[in-house]
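Trainee: I would like a close look at one part of this model, please. Could you walk me through a single sheet?

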Amino acid sequence: MGDVARLDHHDDQHAITNSAAGLTLVVGDSGIGKSTLLSSLDSWPGDPLVSKPIVLKAVQGSLQTAVADAISDCITQFLDGDDGSGKTWTIVKSLAERAGTVTGREIGRLVAGRALEFAEAKLGKEAVELGRKILGDTLKGGVLGFDDQLAAIRVPDRAADLAQIMAEVSEATGRALVLLLDNAERLAPPDHGLLAELVTSVRGTAHVVVCVTPHQIEGDEVIRLASARGALAVTMQPLTRPVIEAWLRNEDVPPSQWDSIVRVSSGYPFFIADAIRATNAGTSLDTISAPDGFEALMRASWSRIAPNLQLIVAKLAPFADPPNDDFLTAYLNLNAVEWGLVRSSLEEAGIFVRLSDGASWFHDRRRIYVWEKALSDSLRSGIAEACLAAVSSWIDKSKSIEFWVPATAAVLGRSIETPSHGELSNIRLLSDGSIALLWGLIEVMEHHSTFPGYAEIGQVVRHAESRSRMQIPGLVVLEDLIERGLIEVREENDTSFARINLTSAVSFAAVLGEILLRFHATPRPQFASTAFDRMLRPLMGPFEGAIVSLGRTSYASHKEEAALLTDPQRFTRIQDAPTLGGTVLIDDQPVSFTARFESEEHRELTAAGLKKIAVGSPRLQLVRTVPFPRKRLRYGRYRSAIEALGIEVDDIEVSSAADIARQLELHCAHAEVFAEASSLEEVEALGLQPSRYLLEGSSAPGSWTSIKVRSTRRVPTPLVGQDLLRPRDPLLEPRLRAEGLLKRDEQVLQTVYHYRSRNEIKHPLAELLDAIDQRGKKYNSGFRSVLIPPAADLLQAEIANEQERTWELAAAMVNAGLVDERPRRRTLLINYHLDTDSQFYSDFGNWIATVLEVDDDNPTVIVQQTQGGLTSAAWPDMIVPPEFGPYAGAKASRWQSGDAGHIIAGLLGYGTEDAHMTDLNSGIGPLLRQTYDVLGE
């Protein structure tokens, strides 16, 4: 048993070790931890000699043998620390003299003999033989014929003799004695009286602790006799849920299995320890074993109760969890008083036990025994029919599925024989894979989503595999569930959806119950929203609305959800709405949310509170939080890097499917290189996550189909058979998985059908850059635009930093072998001025910029502001004018001039629509700062 579990029995330990009684009974059910508690009693006041636990046997005389063995163990412990022979012979001589005077001298010789056995091992055989001659006839037969001597003891007051020997050993050693005895329910009837006599005989510096299991004739008789003599009885209870969870946490058991372990163990440490073993070994909780005699105890209890109680127990046996009393009294046709008396009688008989939460109900293993072994098939079927009707009626009346219903519905569904319950019969016949997929569907689907009640099929399969820890044959399972009419599927905008299709609440409950019974995990319908309401909402400050989903949400998805949360009744934009995106792990499952707040203060308080959640709940772990609105991304640098490399991105001629596959692979390789030189936000917002393609190219290059897949695998592009591609096929992903074309963690992102009149395709870099531009514009939309102040020093530093980022991208392309050689770097000479003579009018002012690039392989940036334009034109000779000092007269390799906001925005990595140059020192400067981001601030 874990140390945490032992702490829960601290009160029991304290009661035993501080008892004034000579004999204490430890009473508890089989598997509840009596033996473990006995072994833990190694710390007593006064430092006594504590024997190892001695197991009692069903042989007459076993008790006195066990007491003698326990006393001998105490002597051995005491002598084990003696470096010489003095203590050894002192003890042996004292016991030998005592053996000559007590009525039961055989008992004395027995203990002295045990001491001599230890002395022989410690001092040597010759020394012991010498000692035996000194002690004379006292020890005749003391070592040999040990068992025969025990059988010969028939004195009338053995308890007093044993108690006197305990006192002699205690006096000789100078320490108290504690004898630990286990399994008193096994004692033969003649030994019951001796145990009862020990209660009144053992006193002073001796103490005996005896474990006994109740609810069987022998154990109950031992308890009755000892209690009648005044023995202290310490009754052990199941571990409480907090203690069980602390134990499981210490053993790194996944939180998703805690509920099931609590249920199948009923709080009994033996079963919890075995459940931990099974979980760590990756095996089912169905493999956990029961302690010896556990089922036999149930058989005995069952046979001892009256037939009318047996009928009630049979009616209750389908309920794995205890229903509420209102249901039970109606179902059993009893009033509250009658039900209370029945429950007490079943507790007395050992049919019911106290569970971890204090409820009185079956231990789950004993309930299974009654339902599956004690009842005939016909009786079980008849009870199941009547019980199912009662449960169905209760669900319809209460309009809810209470916690005890699912497992009960599944148990009943497995037991009914009539054809009138076809849907339940279908459910019980489903494979584990089908039940696991329904589990995934039930947890992923949300009623408040784009397609209420539906869930994306690929996500369902992946979630089902994650929860069930099994690899699911998705296509086979989906087709089976569709054929049985248990689910419906549809395809919408390249996305496949499924929803559950059950006709009754009791059928839905039965599915939940099958999940619980087969996988020993608690299913949570609408996992994301339910978990958010129960575990996250209490930790968050006031918020106006939230979108919740199962899985990890990207920056781009958070941004889209933030737009959806904008109140249409108010003139607001995303940039004005304080929003927080985040992902947490709840029972190891990722749950993401995007929440809108009334103020930035509320958002920041929530973010700070979420960072502390792991301290408050071990079942909750924060992955990340993402505050919105964000600053606009500088996605223009990717195109700038390709331009700096001088790569031509014209269309490419292809002649076969192999040519197309090569270009698709290059597309993925370029995206991977870009991702390595990008931030996580840039990767997720611009779609640079790792991917690969599948290709159907039987009619290439005229027509072909590409299937983009989210994947970290780098493999040659496989060709897909034309027969696998069906228009608007909701089962495309599982179909590809069944053919081995998709791995477990891969996801279909997009399917594109290409038809071309020419044998040319778009350059993979052009395709990638266009996609980046499109996603960048979409992501930045709604965020504050950037104002560029006309400050030369600031611009020089910012442009120089951005040039370094751009060249990092270019260098990554070279290092990856996608470009043959590193290009030469260039000096940038930038001049800007305010054009007051132009007839063009702008809210930001008519700022003009000129940029010249000098091909000198020197990464220098020089920015200057002048009152007017450059004194001499660079065009057409491309000669650097004198305003640029030491560079005057150099030949420029490139020159451009125009709107400063457009040109300088590009040099800063922004899209042309993202930034504007303006003087913030003007009268409207403070107003502009309230609605725009400012470069450098």
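In which sense do E10 and strand E11 pair, and over how many bridges?

Mentor: Happy to! This is a predicted model, where local features need pLDDT of at least 70, side-chain atom pairs count only at pLDDT 80 or more, and totals for chains, interfaces and linings use all residues. Residues are numbered from 1 along each chain as its sequence is written, and side-chain values use heavy atoms, with hydrogens and water left out.

Now to your strands, which are DSSP runs (E, at least two residues) numbered from the N terminus, as helices are (H or I, at least four). E10 and E11 (residues 495–500) pair in the antiparallel sense, over six bridges; two strands count as paired if DSSP finds at least two bridges between them. In general, strands of a sheet pair through backbone hydrogen bonds, either parallel or antiparallel.

Stepping back, this pair belongs to an open sheet of three strands in the order E9-E11-E10, with antiparallel pairing. Strand E9 (455–456) and strand E10 (487–492) are the edge strands, each pairing on one side only.

As for covalent links, the structure holds zero disulfides, a disulfide being a pair of cysteine sulfur atoms within 2.5 Å. Cysteine 387 counts as buried because its relative accessibility is 0%, and cysteine 668 is buried too, with a relative accessible area of 7%. Here buried means under 20% relative accessible area, exposed over 50% and partly exposed in between, using a 1.4 Å probe and protein chains only.
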